[in-house]
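Please keep the structure open beside them.

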Amino acid sequence: MMKEVYITDYNCVTPLGMNVAENWSALLQNQSGIVLHSIIENQEAVYASMMDTEKLETAFSNNFSELNFTRLEKMFLLCLKPLVERHTITHNTAFILSTTKGNISLLKNQSGLPESVFLSALAQKIADFFGFKTKPIVVSNACVSGVMAIGVAKNLIQSGNYNDAFVIAGDEITEFVISGFNSFQAIGPEPCQPYDKNRSGINIGEATAAAYITGDQYTGQPDEAVSQNEKFRFKILGDSAINDANHISGPSRTGDGLYASIKNAMTEAQLNAEEIDFVSAHGTATIYNDEMEAIAFNRMELQNIPLNSMKGFYGHCLGASGLLESIISMESALHNTLLPSKNFKETGVSQPLHIIKEQQPAEIKYILKTASGFGGCNAAIVLEKC
């Protein structure tokens, strides 16, 4: 029998808060981090969810004495520190870093290549700071990276190579990222509206998120700020990642990759569609992504399951989005509360979906989290509140 694997602790640092409790409070008040920011000189401001740099620097200086870190690295350290303090790092502990671009901002005005612009060096720098004893593992597969990292941790623990794992995911907003999405004409001129008929594109966000994952029944005591429960754990019942091989930036119009990912994850979890209590979808508010997701969810007969996208609150946080949104989903389950898909008013996809419009109470035991990204990648995980 395969070893059971649990998420027993987590944290996040976002524009809405420096920990899980602050984020949850902001979400309950329907707050969004998306506002206009001037990111590229001599170009129009764009809607984005961006960390307050002064607040970030203050929090970092209050927690760390060393200053030789990039802005993104500071976000990583702040996010991971509480988990490392609560759980022991051993020779059988994995360290997994999820990101799409890492320290890409270091390339600006540089004639050479700073070492930590390489993802492997970035991961090693964070691992060395906290004293991890195993070689870091980097998951960088576009916007499914955060969800995939959870699956990677699960499978490494089940293989017997590791007893537990710390997963950290993050990306920051840079001129490079904004320019790239602008080249696809994908950035919306207003706060994003996933699945809405008036949606006009994505908003980019930035954040870091971290989780402690273990094959033990229970280790450590979560901080009260993480959960109201004295002890909590979420079993990772199933995971899958499938590439639809459709296009470098466009998903399969029939949702083949996402459909296969969901089907595989739910088959491993031994659950039927009607047993899922809540779907945390990708929901980027682009024409093709939202339509493809609607088709895939209907193919899996999930059209009647309550669903939301968190992009209206956080924007698209790239490599952090999958892990961050998984954390918020688990908080929803712990608090028995479904959060709305912010800015959604009227369906703009061809297939029916049960999109959550208002905050509401609900018993949530089984969660499906999905993600899709450039290069045709798709991923899904199924979580059970224990």
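1. In this predicted model, the contact between the two domains involves 60 residues of domain 1 and 67 residues of domain 2. The protein is divided so that domain 1 covers 6-214, while domain 2 covers 238-385, and their C-alpha centres lie 20 Å apart.

2. As for the area involved, domain 1 and domain 2 bury about 4800 Å² between them, with 68% of it on carbon and sulfur atoms.

3. Turning to polar interactions, the interface of domain 1 and domain 2 holds 4 salt bridges by the rule applied, and 30 residue pairs are found in polar contact across it, both residues of each pair being at pLDDT 80 or more. The side chains of R199 and D290 meet in a salt bridge, with a distance of 3.3 Å from N to O.

4. The side of domain 1 that touches domain 2 draws at least two residues from each of several elements, namely β1 (6-13), α1 (20-28), α5 (145-158), β6 (164-171), α6 (175-183), β7 (204-205) and β8 (207-214). Of these, α5 gives the largest share, with 9 residues.

5. Sorted by class, the residues on the side of domain 1 that touches domain 2 comprise 31 nonpolar, 23 polar and 6 charged ones.

How values were computed
Residues are numbered from 1 along each chain as its sequence is written. This is a predicted model: local features need pLDDT of at least 70, side-chain atom pairs count only at pLDDT 80 or more; totals for chains, interfaces and linings use all residues. Side-chain values use heavy atoms; hydrogens and water are left out. Domain bounds come from an automatic or database domain assignment. Contact means heavy atoms within 4.5 Å. Buried area is the accessible area (1.4 Å probe) that two parts lose on being put together, summed over both. A polar contact is a pair of N or O atoms within 3.5 Å; within protein, one must be able to donate a hydrogen and the other to accept it, and residues adjacent in sequence count only if both atoms are side-chain atoms. Helices (H or I, at least four residues) and strands (E, at least two) are DSSP runs, numbered from the N terminus. Ala, Val, Leu, Ile, Met, Phe, Trp, Tyr, Cys and Pro count as nonpolar, Asp, Glu, Lys and Arg as charged, and the others, Gly among them, as polar.
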